[in-house]
Amino acid sequence: MLHTLSLGAHRLSSGTELPALDVAFNTFGQLAPDGGNAVLVTHGYTSGPSMLVPGHHVAESSWAPLLGPGRPLDTDRFFIVCSNMLGSSFGTTGPNTTNPATGRPWGPDFPAITLEDIVAVQHRLLQQLGVRHLRAVVGPSYGGWQALQWALSFPDMVDAVGSLVSGLTHPKGLSSEATRQRFANHPAWNGGWHYGDARMTDMLTELRRQTLRSYGLETLFEARMPDPAQRQAAMDKACRQWAERFDPNSMVTLAAAAERFDVRERVGEIRARLLFMVCTTDAIFPPDPAVRGLLGAVPGPLRYRELDSPYGHMASGVEWQRLEEDLRWLLDPPAAA
């Protein structure tokens, strides 16, 4: 069950104040009396806090098999938190939520944010939940950036971070202006005030279809559904469900935050145990010898993995079985690492 916590006003790193901040999140397991057994799982660019909840589609539910008693995300040992990030569209304050000053969605008026802001909101949420220490922060893609930012923003609070199918900076193709212009060319955009126009849902459905194909979704569906008609229907349904919930203004907001993210010169500051995994066929974050070289500056325990998989950017969800041993390494107590 998705929960929402109201945290009151929140000042962003830019100095702009959000008059009201709500955070949507899921939790699993029990928090220890000392507040020190928590694991934060962070989600990707256009997914949400249901990545650990069975029964959804595509990125949602992708890590659900990793959760439960005795699983790598062990609910008998850990208190697992997965929150919707600031600026997204699945319950946390963002462009599709109400601006108290106007009574209508923030839309394109939502203020600029950074990865530091996203992590700061997660930190406030965890404090309210009673979490005092994190065994790990781990996530795929955009979630991997959040994990790295946690290691830099709150180094004394987190033991380990896992960055999967991700990078040390944003990929060249993720441009907020290019994203905004793509929507601006559509007649339903209306300067970002598209709310209530069904044509935008149609446009988002097609955009989602193209994006997931580039991520390797067709390979996944071909393996699961040999019949072409059944496969197409399943893909169309997944894309439509996402389009009906996601605000394109969130894509612009989060792309702009990503443009400001670059930790290549700060990897030597990462004291937490680090799992860094890429996929050999990922077109977004392909294996890069330069990145591997930079990771040599990490002073603490490091595990670098190149996952040989045909599933590209979706490999961390599709190939969840192959994450198990590495996640157990990440979450083991330091004395056993």
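The talk below goes through a predicted model and the terms used to describe it.

Visitor: What kind of model is this, and which pLDDT do local features need?

Guide: This is a predicted model: local features need pLDDT of at least 70, side-chain atom pairs count only at pLDDT 80 or more, and totals for chains, interfaces and linings use all residues. Residues are numbered from 1 along each chain as its sequence is written, and side-chain values use heavy atoms, with hydrogens and water left out.

Visitor: Why is α1 called roughly perpendicular to α2?

Guide: Start with the ranges. Helices (H or I, at least four residues) and strands (E, at least two) are DSSP runs, numbered from the N terminus. Helix α1 covers residues 115–129 and helix α2 residues 142–153. They pack at an angle of about 75°, with axes 9 Å apart. Axes are lines fitted to C-alpha atoms, for helices over the stretch in contact, and angles run from 0 to 180 degrees between N-to-C directions. Under 35 degrees counts as roughly parallel, over 145 as roughly antiparallel, 65 to 115 as roughly perpendicular, and the rest as oblique. That makes α1 roughly perpendicular to α2.

Visitor: Which residues make the contact between α1 and α2?

Guide: Contact means heavy atoms within 4.5 Å. From α1 come Leu115, Glu116, Ile118, Val119, Gln122, His123 and Leu126. From α2 come Tyr142, Trp145, Gln146, Gln149, Trp150 and Ser153. These residues divide into seven nonpolar, five polar and one charged. Here Ala, Val, Leu, Ile, Met, Phe, Trp, Tyr, Cys and Pro count as nonpolar, Asp, Glu, Lys and Arg as charged, and the others, Gly among them, as polar.

Visitor: Why does Gly143 count as buried?

Guide: Buried means under 20% relative accessible area, exposed over 50%, and partly exposed in between (1.4 Å probe, protein chains only). Gly143 has 0% relative accessibility, so it counts as buried. Gly143 is found in helix α2. Leaving aside neighbours within four places in sequence, Gly143 is in contact with Thr42, His43 and Gly44. Gly143 and Tyr45 are 98 residues apart in sequence, yet 7.5 Å apart in space, C-alpha to C-alpha.

Visitor: Are Val165 and Asn190 buried or exposed?

Guide: Val165 has a relative accessible area of 2%, so it is buried. Asn190 has 54%, so it is exposed. Val165 is found in the loop between β6 and α3. Asn190 is in the loop between α3 and α4. Phi of Val165 is near 40°, a positive value in a residue other than glycine. Asn190 is not a glycine either, and its phi is about 55°.

Visitor: What makes a nonpolar core, and how many residues has the largest?

Guide: A nonpolar core is a set of buried Ala, Val, Leu, Ile, Met, Phe, Trp, Tyr and Cys residues joined through side-chain atoms within 4.5 Å. The largest one here has 67 residues. Leu86, Leu134, Tyr142 and Phe183 have the most contacts inside it. The largest share of this core, seven residues, comes from α2. Apart from it lies another core, of 30 residues, among them Val41, Leu52, Leu73 and Leu307.

Visitor: Why are β1 and β8 said to stand at the edges?

Guide: Two strands pair if DSSP finds at least two bridges between them. Eight strands form an open sheet in the order β1-β2-β4-β3-β5-β6-β7-β8, and the pairing is mixed. β1 and β8 each have a single partner strand, so one side of each is left without a neighbour in the sheet. The twist averages 20° from one strand to the next.

Visitor: How do you know that β1 and β2 pair?

Guide: They share seven bridges, in the antiparallel sense. In one of them, Leu18 of β2 is the bridge partner of His10. In another, Val23 of β2 is the partner of Leu5. β2 and β4 pair in the antiparallel sense over four bridges. β3 and β4 pair in the parallel sense over three bridges.

Visitor: Why is β4 called largely enclosed?

Guide: Five of its five residues are buried, so β4 is largely enclosed by the rest of the structure. Phe79, Val81 and Ser83 point one way from β4, and Ile80 and Cys82 the other way.
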